[in-house]
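Trainee: I would like a close look at a single part of this model, please, with the terms spelled out as you go.

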Amino acid sequence: MPKKLLLLPPLTPYSAFRAPRAHPAAPPAMNAARTGYRVFSANSTAACTELAKRITERLGADLGKSVVYQETNGETRVEIKESVRGQDIFIIQTIPRDVNTAVMELLIMAYALKTSCARNIIGVIPYFPYSKQSKMRKRGSIVCKLLASMLAKAGLTHIITMDLHQKEIQGFFSFPVDNLRASPFLLQYIQEEIPNYRNAVIVAKSPDAAKRAQSYAERLRLGLAVIHGEAQCTELDMDDGRHSPPMVKNATVHPGLELPLMMAKEKPPITVVGDVGGRIAIIVDDIIDDVESFVAAAEILKERGAYKIYVMATHGILSAEAPRLIEESSIDEVVVTNTVPHEIQKLQCPKIKTVDISLILSEAIRRIHNGESMAYLFRNITVDD
(Lines give C-alpha, C1' and ligand atoms only; values in the text may rest on other atoms or scores of the structure.)
Protein backbone atom coordinates (compact mmCIF):
# COMPACT_ATOMS: atom_id res chain seq x y z
CA MET A 1 0.00 0.00 0.00
CA PRO A 2 1.26 3.50 -0.71
CA LYS A 3 2.31 5.40 2.38
CA LYS A 4 0.11 8.31 3.40
CA LEU A 5 1.84 11.62 3.87
CA LEU A 6 1.22 13.31 7.21
CA LEU A 7 0.54 16.97 6.57
CA LEU A 8 1.59 19.27 9.40
CA PRO A 9 0.11 22.72 9.89
CA PRO A 10 2.34 25.59 8.80
CA LEU A 11 4.73 26.86 11.43
CA THR A 12 3.75 30.03 13.22
CA PRO A 13 6.30 32.77 12.53
CA TYR A 14 8.39 33.92 15.51
CA SER A 15 7.12 37.45 15.15
CA ALA A 16 3.63 36.27 16.06
CA PHE A 17 4.78 35.51 19.58
CA ARG A 18 6.08 39.02 20.14
CA ALA A 19 3.99 41.49 22.04
CA PRO A 20 2.27 43.95 19.68
CA ARG A 21 3.88 47.36 19.57
CA ALA A 22 1.95 50.33 20.85
CA HIS A 23 0.64 52.73 18.23
CA PRO A 24 3.04 55.66 17.81
CA ALA A 25 0.24 58.12 18.46
CA ALA A 26 -0.79 56.49 21.72
CA PRO A 27 0.28 58.36 24.90
CA PRO A 28 3.07 56.62 26.83
CA ALA A 29 1.31 54.85 29.67
CA MET A 30 3.27 54.51 32.91
CA ASN A 31 1.75 51.26 34.10
CA ALA A 32 3.83 48.16 34.62
CA ALA A 33 2.26 46.14 31.81
CA ARG A 34 3.61 48.44 29.08
CA THR A 35 6.80 49.76 30.58
CA GLY A 36 8.15 46.54 32.04
CA TYR A 37 8.77 47.63 35.60
CA ARG A 38 7.18 47.25 39.00
CA VAL A 39 7.36 49.31 42.19
CA PHE A 40 7.15 47.43 45.49
CA SER A 41 7.17 48.56 49.09
CA ALA A 42 9.22 46.44 51.49
CA ASN A 43 7.62 47.83 54.64
CA SER A 44 5.37 45.77 56.85
CA THR A 45 3.80 48.82 58.52
CA ALA A 46 1.21 51.05 56.89
CA ALA A 47 2.84 54.20 58.25
CA CYS A 48 5.98 53.51 56.20
CA THR A 49 4.21 52.95 52.85
CA GLU A 50 3.11 56.58 52.50
CA LEU A 51 6.20 57.57 50.52
CA ALA A 52 5.79 54.55 48.22
CA LYS A 53 2.19 55.58 47.49
CA ARG A 54 3.25 59.13 46.68
CA ILE A 55 5.93 57.88 44.27
CA THR A 56 3.62 55.48 42.44
CA GLU A 57 0.96 58.19 42.12
CA ARG A 58 3.48 60.47 40.44
CA LEU A 59 4.55 57.65 38.12
CA GLY A 60 0.98 56.68 37.33
CA ALA A 61 1.75 53.10 38.32
CA ASP A 62 0.18 50.68 40.75
CA LEU A 63 2.07 49.50 43.80
CA GLY A 64 3.26 45.92 43.31
CA LYS A 65 1.29 43.16 45.00
CA SER A 66 3.26 41.69 47.86
CA VAL A 67 2.82 40.70 51.49
CA VAL A 68 5.43 41.59 54.09
CA TYR A 69 4.76 40.62 57.69
CA GLN A 70 6.32 39.39 60.92
CA GLU A 71 5.50 35.90 62.14
CA THR A 72 4.73 35.18 65.77
CA ASN A 73 8.31 34.08 66.38
CA GLY A 74 9.66 37.39 65.04
CA GLU A 75 10.82 36.11 61.65
CA THR A 76 10.15 38.20 58.55
CA ARG A 77 8.22 36.68 55.69
CA VAL A 78 7.82 38.13 52.18
CA GLU A 79 5.48 36.84 49.48
CA ILE A 80 5.47 38.25 45.93
CA LYS A 81 1.93 38.01 44.54
CA GLU A 82 2.60 38.67 40.84
CA SER A 83 5.05 37.77 38.10
CA VAL A 84 8.23 39.86 37.90
CA ARG A 85 10.17 37.80 35.35
CA GLY A 86 12.37 39.89 33.10
CA GLN A 87 11.29 43.24 34.59
CA ASP A 88 12.95 46.14 36.36
CA ILE A 89 11.90 46.09 40.01
CA PHE A 90 12.15 49.10 42.31
CA ILE A 91 11.93 48.38 46.05
CA ILE A 92 11.04 51.42 48.15
CA GLN A 93 12.16 51.02 51.73
CA THR A 94 11.82 53.77 54.29
CA ILE A 95 13.52 53.14 57.62
CA PRO A 96 11.32 53.35 60.75
CA ARG A 97 12.57 53.18 64.32
CA ASP A 98 12.98 49.40 64.10
CA VAL A 99 15.99 49.60 61.79
CA ASN A 100 17.00 45.95 61.88
CA THR A 101 13.54 44.73 60.91
CA ALA A 102 13.49 47.14 57.96
CA VAL A 103 16.90 45.88 56.81
CA MET A 104 15.76 42.26 56.93
CA GLU A 105 12.57 43.12 55.03
CA LEU A 106 14.65 44.70 52.29
CA LEU A 107 17.11 41.80 52.09
CA ILE A 108 14.42 39.12 52.01
CA MET A 109 12.33 40.94 49.39
CA ALA A 110 15.37 41.50 47.18
CA TYR A 111 16.29 37.82 47.40
CA ALA A 112 12.69 36.78 46.67
CA LEU A 113 12.67 38.95 43.55
CA LYS A 114 16.07 37.60 42.49
CA THR A 115 14.85 34.02 42.69
CA SER A 116 11.71 35.10 40.76
CA CYS A 117 13.94 36.04 37.80
CA ALA A 118 13.61 39.82 37.94
CA ARG A 119 15.93 41.47 35.44
CA ASN A 120 17.15 44.36 37.62
CA ILE A 121 16.45 45.03 41.30
CA ILE A 122 16.88 48.66 42.30
CA GLY A 123 16.62 49.65 45.96
CA VAL A 124 15.11 53.08 46.66
CA ILE A 125 16.43 53.77 50.17
CA PRO A 126 16.12 57.52 50.87
CA TYR A 127 17.79 57.21 54.28
CA PHE A 128 20.52 54.60 54.22
CA PRO A 129 20.73 52.89 57.64
CA TYR A 130 23.99 52.50 59.55
CA SER A 131 25.49 55.34 57.50
CA LYS A 132 26.98 56.85 60.66
CA GLN A 133 28.96 53.65 61.20
CA SER A 134 31.13 54.18 58.13
CA LYS A 135 34.50 54.62 59.88
CA MET A 136 36.69 52.25 61.83
CA ARG A 137 36.54 52.71 65.58
CA LYS A 138 38.48 51.06 68.38
CA ARG A 139 37.91 47.30 68.11
CA GLY A 140 34.84 48.01 66.03
CA SER A 141 33.79 47.45 62.44
CA ILE A 142 32.55 49.38 59.43
CA VAL A 143 28.95 48.21 59.62
CA CYS A 144 27.91 50.28 56.61
CA LYS A 145 30.29 48.30 54.39
CA LEU A 146 28.90 45.06 55.79
CA LEU A 147 25.36 46.16 54.89
CA ALA A 148 26.48 47.09 51.38
CA SER A 149 27.89 43.59 50.88
CA MET A 150 24.69 42.00 52.21
CA LEU A 151 22.53 44.02 49.79
CA ALA A 152 24.67 42.95 46.83
CA LYS A 153 24.51 39.32 47.92
CA ALA A 154 20.73 39.52 48.26
CA GLY A 155 20.41 40.55 44.61
CA LEU A 156 20.28 44.36 44.43
CA THR A 157 21.88 45.77 41.27
CA HIS A 158 21.45 49.51 41.89
CA ILE A 159 20.59 51.87 44.74
CA ILE A 160 18.91 55.26 44.87
CA THR A 161 19.50 57.08 48.13
CA MET A 162 19.61 60.65 49.39
CA ASP A 163 22.21 62.69 51.27
CA LEU A 164 24.50 59.95 52.48
CA HIS A 165 26.11 60.87 55.79
CA GLN A 166 29.53 60.40 54.18
CA LYS A 167 29.76 60.50 50.39
CA GLU A 168 32.63 58.00 50.51
CA ILE A 169 30.04 55.35 51.41
CA GLN A 170 29.37 54.95 47.68
CA GLY A 171 32.74 53.21 47.43
CA PHE A 172 31.47 50.37 49.64
CA PHE A 173 29.14 49.11 46.91
CA SER A 174 29.95 46.87 43.96
CA PHE A 175 27.07 48.33 41.91
CA PRO A 176 25.95 51.87 40.96
CA VAL A 177 24.71 54.25 43.66
CA ASP A 178 22.78 57.45 42.88
CA ASN A 179 23.12 59.78 45.87
CA LEU A 180 20.39 62.39 45.32
CA ARG A 181 20.24 65.71 47.18
CA ALA A 182 17.40 67.29 49.13
CA SER A 183 18.93 70.78 49.21
CA PRO A 184 16.82 72.20 46.30
CA PHE A 185 13.63 71.37 48.22
CA LEU A 186 14.93 72.84 51.49
CA LEU A 187 16.19 75.96 49.72
CA GLN A 188 12.77 76.39 48.13
CA TYR A 189 11.16 76.10 51.56
CA ILE A 190 13.44 78.81 52.93
CA GLN A 191 12.57 81.16 50.07
CA GLU A 192 8.82 80.55 50.16
CA GLU A 193 7.97 79.79 53.79
CA ILE A 194 10.37 81.87 55.92
CA PRO A 195 9.27 85.51 56.02
CA ASN A 196 12.05 88.03 55.48
CA TYR A 197 14.58 85.27 54.80
CA ARG A 198 16.92 87.88 53.31
CA ASN A 199 17.68 88.87 56.89
CA ALA A 200 18.79 85.32 57.71
CA VAL A 201 22.19 83.78 58.27
CA ILE A 202 23.07 80.14 57.60
CA VAL A 203 24.60 78.45 60.65
CA ALA A 204 26.80 75.37 60.99
CA LYS A 205 26.47 73.96 64.50
CA SER A 206 30.00 72.55 64.28
CA PRO A 207 33.02 73.02 62.01
CA ASP A 208 32.23 69.61 60.44
CA ALA A 209 29.02 71.04 58.95
CA ALA A 210 30.65 74.21 57.63
CA LYS A 211 30.90 73.04 54.01
CA ARG A 212 27.21 72.21 53.80
CA ALA A 213 26.29 75.54 55.41
CA GLN A 214 28.58 77.41 53.01
CA SER A 215 26.86 75.73 50.04
CA TYR A 216 23.45 76.87 51.29
CA ALA A 217 24.69 80.39 52.03
CA GLU A 218 26.24 80.86 48.59
CA ARG A 219 23.10 79.78 46.72
CA LEU A 220 20.82 81.93 48.88
CA ARG A 221 23.35 84.80 48.91
CA LEU A 222 23.25 84.97 52.70
CA GLY A 223 25.81 85.28 55.46
CA LEU A 224 27.50 82.34 57.17
CA ALA A 225 28.15 81.61 60.85
CA VAL A 226 29.91 78.67 62.51
CA ILE A 227 29.60 77.55 66.14
CA HIS A 228 32.96 76.40 67.40
CA GLY A 229 33.91 74.75 70.69
CA GLU A 230 30.70 72.89 71.41
CA ALA A 231 30.74 70.69 74.48
CA GLN A 232 29.52 67.42 72.94
CA CYS A 233 31.90 64.98 71.28
CA THR A 234 31.86 64.84 67.51
CA GLU A 235 32.72 61.84 65.37
CA LEU A 236 36.25 63.09 64.81
CA ASP A 237 36.87 63.21 68.57
CA MET A 238 35.98 59.58 69.20
CA ASP A 239 38.77 57.19 70.03
CA ASP A 240 39.75 55.45 66.82
CA GLY A 241 42.06 52.87 68.40
CA ARG A 242 45.37 54.66 67.92
CA HIS A 243 46.02 54.40 71.67
CA SER A 244 45.29 50.66 71.74
CA PRO A 245 46.56 48.65 73.57
CA PRO A 246 46.56 50.82 76.70
CA MET A 247 49.83 51.94 78.18
CA VAL A 248 51.38 49.46 80.62
CA LYS A 249 53.51 50.65 83.51
CA ASN A 250 57.11 49.49 83.71
CA ALA A 251 56.99 48.37 80.10
CA THR A 252 60.30 48.04 78.31
CA VAL A 253 60.39 50.39 75.33
CA HIS A 254 63.21 50.44 72.83
CA PRO A 255 64.90 53.86 72.83
CA GLY A 256 64.48 54.15 69.10
CA LEU A 257 60.70 53.79 69.42
CA GLU A 258 60.13 56.69 71.79
CA LEU A 259 57.55 59.10 70.41
CA PRO A 260 57.38 62.81 71.25
CA LEU A 261 54.97 63.71 74.03
CA MET A 262 51.80 65.21 72.57
CA MET A 263 49.70 67.79 74.36
CA ALA A 264 46.23 66.68 75.38
CA LYS A 265 43.46 67.93 73.13
CA GLU A 266 41.19 70.48 74.79
CA LYS A 267 38.12 72.12 73.37
CA PRO A 268 38.21 75.91 73.17
CA PRO A 269 35.44 77.96 74.78
CA ILE A 270 32.23 78.17 72.79
CA THR A 271 32.32 80.93 70.20
CA VAL A 272 30.16 81.93 67.24
CA VAL A 273 32.19 82.91 64.19
CA GLY A 274 29.91 85.32 62.36
CA ASP A 275 27.29 87.92 63.21
CA VAL A 276 23.82 86.61 64.15
CA GLY A 277 22.58 89.60 66.16
CA GLY A 278 19.12 90.71 65.04
CA ARG A 279 19.06 88.01 62.34
CA ILE A 280 17.16 84.82 61.55
CA ALA A 281 19.43 81.83 62.22
CA ILE A 282 18.99 78.77 59.97
CA ILE A 283 20.93 75.70 61.15
CA VAL A 284 21.51 73.16 58.35
CA ASP A 285 22.58 69.51 58.64
CA ASP A 286 21.92 66.15 57.01
CA ILE A 287 20.52 64.18 59.98
CA ILE A 288 18.66 65.28 63.09
CA ASP A 289 18.39 62.40 65.52
CA ASP A 290 19.51 63.19 69.07
CA VAL A 291 18.61 66.87 69.26
CA GLU A 292 20.69 67.89 72.29
CA SER A 293 23.36 69.48 70.10
CA PHE A 294 20.74 71.40 68.10
CA VAL A 295 19.04 72.63 71.28
CA ALA A 296 22.40 73.76 72.70
CA ALA A 297 23.22 75.55 69.45
CA ALA A 298 19.85 77.31 69.52
CA GLU A 299 20.50 78.55 73.07
CA ILE A 300 23.88 79.94 72.04
CA LEU A 301 22.39 81.70 69.01
CA LYS A 302 19.64 83.15 71.17
CA GLU A 303 22.25 84.55 73.56
CA ARG A 304 24.09 86.10 70.60
CA GLY A 305 20.98 87.98 69.51
CA ALA A 306 19.23 85.78 66.91
CA TYR A 307 15.50 86.44 67.16
CA LYS A 308 14.25 83.37 65.26
CA ILE A 309 15.88 79.95 64.84
CA TYR A 310 15.15 77.30 62.21
CA VAL A 311 16.67 73.84 61.80
CA MET A 312 16.80 72.32 58.30
CA ALA A 313 17.78 68.67 57.86
CA THR A 314 17.22 65.96 55.26
CA HIS A 315 16.54 63.00 57.53
CA GLY A 316 14.31 63.61 60.54
CA ILE A 317 14.90 60.50 62.64
CA LEU A 318 13.99 62.34 65.87
CA SER A 319 14.59 59.47 68.27
CA ALA A 320 13.72 59.13 71.95
CA GLU A 321 12.69 62.42 73.59
CA ALA A 322 13.47 64.57 70.55
CA PRO A 323 9.93 65.98 70.05
CA ARG A 324 9.63 67.05 73.67
CA LEU A 325 13.09 68.63 73.71
CA ILE A 326 12.34 70.57 70.53
CA GLU A 327 9.02 71.78 71.91
CA GLU A 328 10.68 73.08 75.09
CA SER A 329 13.69 74.63 73.32
CA SER A 330 14.38 77.99 71.67
CA ILE A 331 13.99 76.42 68.22
CA ASP A 332 11.05 77.95 66.36
CA GLU A 333 10.75 75.36 63.60
CA VAL A 334 12.36 72.08 62.49
CA VAL A 335 12.04 71.32 58.77
CA VAL A 336 12.80 67.79 57.54
CA THR A 337 11.92 65.74 54.48
CA ASN A 338 9.78 62.61 54.35
CA THR A 339 12.71 60.24 53.78
CA VAL A 340 11.92 58.84 57.23
CA PRO A 341 8.36 58.49 58.60
CA HIS A 342 7.82 60.88 61.53
CA GLU A 343 4.07 61.39 61.78
CA ILE A 344 4.02 60.43 65.46
CA GLN A 345 6.72 62.99 66.23
CA LYS A 346 4.75 65.69 64.43
CA LEU A 347 1.74 64.97 66.63
CA GLN A 348 3.93 65.40 69.70
CA CYS A 349 5.60 68.60 68.47
CA PRO A 350 3.83 71.10 66.14
CA LYS A 351 7.18 72.76 65.41
CA ILE A 352 8.16 69.88 63.08
CA LYS A 353 7.37 70.54 59.40
CA THR A 354 7.75 68.20 56.43
CA VAL A 355 8.96 68.76 52.86
CA ASP A 356 7.93 66.18 50.26
CA ILE A 357 10.78 64.77 48.12
CA SER A 358 8.78 62.10 46.27
CA LEU A 359 9.08 64.14 43.06
CA ILE A 360 12.83 63.64 42.65
CA LEU A 361 12.63 59.95 43.64
CA SER A 362 9.91 59.23 41.08
CA GLU A 363 11.86 61.08 38.38
CA ALA A 364 14.98 59.08 39.26
CA ILE A 365 13.00 55.83 38.89
CA ARG A 366 11.66 56.91 35.51
CA ARG A 367 15.09 57.94 34.20
CA ILE A 368 16.85 54.78 35.37
CA HIS A 369 14.24 52.54 33.79
CA ASN A 370 14.34 54.46 30.49
CA GLY A 371 18.13 54.62 30.44
CA GLU A 372 18.20 58.42 30.58
CA SER A 373 20.92 60.58 32.08
CA MET A 374 20.66 61.47 35.78
CA ALA A 375 22.58 64.74 35.35
CA TYR A 376 19.36 66.75 35.21
CA LEU A 377 18.63 65.85 38.85
CA PHE A 378 21.98 67.32 39.95
CA ARG A 379 21.63 70.78 38.44
CA ASN A 380 23.16 73.51 40.61
CA ILE A 381 24.20 70.83 43.13
CA THR A 382 27.61 71.18 44.71
CA VAL A 383 29.81 68.41 46.04
CA ASP A 384 29.51 69.85 49.56
CA ASP A 385 25.72 69.43 49.77
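At what angle do helix H3 and helix H4 pack, and how far apart are their axes?

Mentor: This is a predicted model, in which local features need pLDDT of at least 70 and side-chain atom pairs count only at pLDDT 80 or more, while totals for chains, interfaces and linings use all residues. Residues are numbered from 1 along each chain as its sequence is written, and side-chain values use heavy atoms, with hydrogens and water left out. Helix H3 (residues 99-115) and helix H4 (residues 143-154) pack at an angle of about 25°, and their axes are 8 Å apart; helices here are DSSP runs of H or I with at least four residues, and strands are runs of E with at least two, numbered from the N terminus. The axes are lines fitted to C-alpha atoms, for helices over the stretch in contact, with angles running from 0 to 180 degrees between N-to-C directions. H3 and H4 are therefore roughly parallel to each other, a label that applies to angles under 35 degrees. On the H3 side, Val-103, Leu-106, Leu-107, Ala-110, Tyr-111 and Lys-114 meet Leu-147, Met-150, Leu-151, Lys-153 and Ala-154 of H4, where contact means heavy atoms within 4.5 Å. By class, this contact of H3 with H4 has nine nonpolar, no polar and two charged residues, counting Ala, Val, Leu, Ile, Met, Phe, Trp, Tyr, Cys and Pro as nonpolar, Asp, Glu, Lys and Arg as charged, and the others, Gly among them, as polar.

How values were computed
Angles under 35 degrees count as roughly parallel, over 145 as roughly antiparallel, 65 to 115 as roughly perpendicular and the rest as oblique.
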